[in-house]
Amino acid sequence: MQSIPDLIRKKRDGETFCDEEIKTFVEAVTNKTMQECQIGAMLMAIWQKGMVAKETMTLTREMMLSGEVMSWPKEWAGLVVDKHSTGGVGDKVSLVLAPALAACGFKVPKISGRGLAHTGGTLDKLESIPGYNIQQSAAQILEILASVGCCIVGQTEMLVPADRVLYDLRDATSTVDSLPLITGSIISKKGAESLSALVLDVKFGRAALCKDLQSAKQLAQLLVDAGNGLGLRTGVVLSCMDATIGRCVGNSLEVIESLETLKGNGPDDLMELVTTLGGVLLLMTGAVSDLSEGRKKISDVVIGGAALSKFQAMMEKQGVAKETARALCSAHTDYYSILRKSKHQRELKTPADGVVVDVDGLVLAEVLHKLGAGRSKAGEPVNHSVGAELLVSLGQSIGKGMSWLQLHYEDPAPTPDQINRLQNALTLGKREDAQTQQKQTLVKELLLPD
């Protein structure tokens, strides 16, 4: 058997691993017989030299098998589904989609991650709700799915333990954007969930891991191949990620926007993603005969309140006090009586009049990250109250001196340079640009299994 330094050297020199070598690497990570510096070196070697499709497939399978693989009651056959996003700014889709799918009769064992790099993590968002417990055992997940139909939890100790180690170290070693590592991380977790169908929201653009449609398609194909290789029916929605999804970025603020969406007041772009991703899952499981019927079903349970009831039930099952869950889901709630509000708010004003042509989501995310909304290394706390709310929409005509962004911050306060960066994130155009701006949709392409 080759030593760990030999394996690192082999990948460093651009050679291809055999199945046995990948198995050795994953076992060493799982059993903690490999030093952190060695894992970091291997991650960088993989980032530098890449992996061929067969290596990626083997890495994914070995990561999946590094822990327990979940099993479900026979009567749930064809009903266990999930979605995954490659990460964006203001991406709160799961908070709306998981309960919507549960309201359509599906079982959604959503195992989510924390914030990585500039993108916010679903778990961090949910933990801004007092009492919400993301740590649930396999038995508890089964019970929540049986009674509610959806749960959003963190990785259990026993589920893909290899990924727990690699996920944290990828962030620390700047290897987050390696396609084989992304594929292994995402699909191994979904494989361990024993899903009937999986839809992936692969994002491209300024504020995404993939900067253009071409590289997003490359990643999408790797994910689809790895998913289908493990026997998961896997489909992909390719969506644009330049600005923000919805108007809110930051943990508490995104929970508020998700709840407003579940009350039927959701922004168009968020609803477009929720209904398309949900519609694709309904189509792949044979619950509907075409995508437009699937979209309508998802839209109906969101607007009609059935998804909100599921979200409330899920919160209660995951540790939120009944009164708190009920208050958050009631029609006229004071969110900040429950969720933490930042000590300071500051509104930024428009420098001129014109039409909102663009808002740079990446700049917004990076500044908020520095102000405490994200983490620079695994295990660091985040400040749930830090965030920003867009007060304008793309295509909107605005006058000079209007408030366009409300910044929520505590300590540290934003520096003059950060305020300047935020101001430059707003692009204003001429009035005639208004029409073209309003017609933009986020979903660009679908890749569906045969």
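**View 1. The side chain of S342 and its surroundings in the predicted model.** The side chain of S342 reaches the backbone oxygen of H344 at 2.9 Å, a polar contact being a pair of N or O atoms within 3.5 Å in which, within protein, one atom must be able to donate a hydrogen and the other to accept it, and residues adjacent in sequence count only if both atoms are side-chain atoms. This is a predicted model, in which local features need pLDDT of at least 70 and side-chain atom pairs count only at pLDDT 80 or more, while totals for chains, interfaces and linings use all residues. Residues are numbered from 1 along each chain as its sequence is written, and side-chain values use heavy atoms, with hydrogens and water left out. S342 is found in the loop between α15 (322–329) and β7 (344–349); helices (H or I, at least four residues) and strands (E, at least two) are DSSP runs, numbered from the N terminus. With a relative accessible area of 5%, S342 is buried (under 20% relative accessible area, with exposed over 50% and partly exposed in between; 1.4 Å probe, protein chains only). Apart from its neighbours within four places in sequence, S342 is in contact with S385, H408, Y409 and E410, where contact means heavy atoms within 4.5 Å.

**View 2. The open sheet that includes β7.** Four strands form this sheet in the order β6-β9-β11-β7, with antiparallel pairing; two strands pair if DSSP finds at least two bridges between them. The edge strands, β6 (248–249) and β7, each pair on one side only. Two bridges join β6 to β9 (residues 387–390) in the antiparallel sense, and C248 stands opposite E389 in β9. Helix α16 (residues 361–373) lies across β6, β9 and β11 (403–409), and runs at about 25 degrees to β11. Axes are lines fitted to C-alpha atoms, for helices over the stretch in contact, and angles run from 0 to 180 degrees between N-to-C directions.

**View 3. V392 in the loop between β9 and β10 (397–398).** V392 counts as buried, at 3% relative accessibility. Leaving aside neighbours within four places in sequence, V392 is in contact with R247, V356, I398, S403 and W404.

**View 4. The packing of α5 (residues 93–103) and α11 (residues 251–265).** The two helices pack at an angle of about 35 degrees, with their axes 8 Å apart. L95, V96 and P99 in α5 meet V255, S258, T261 and L262 in α11.
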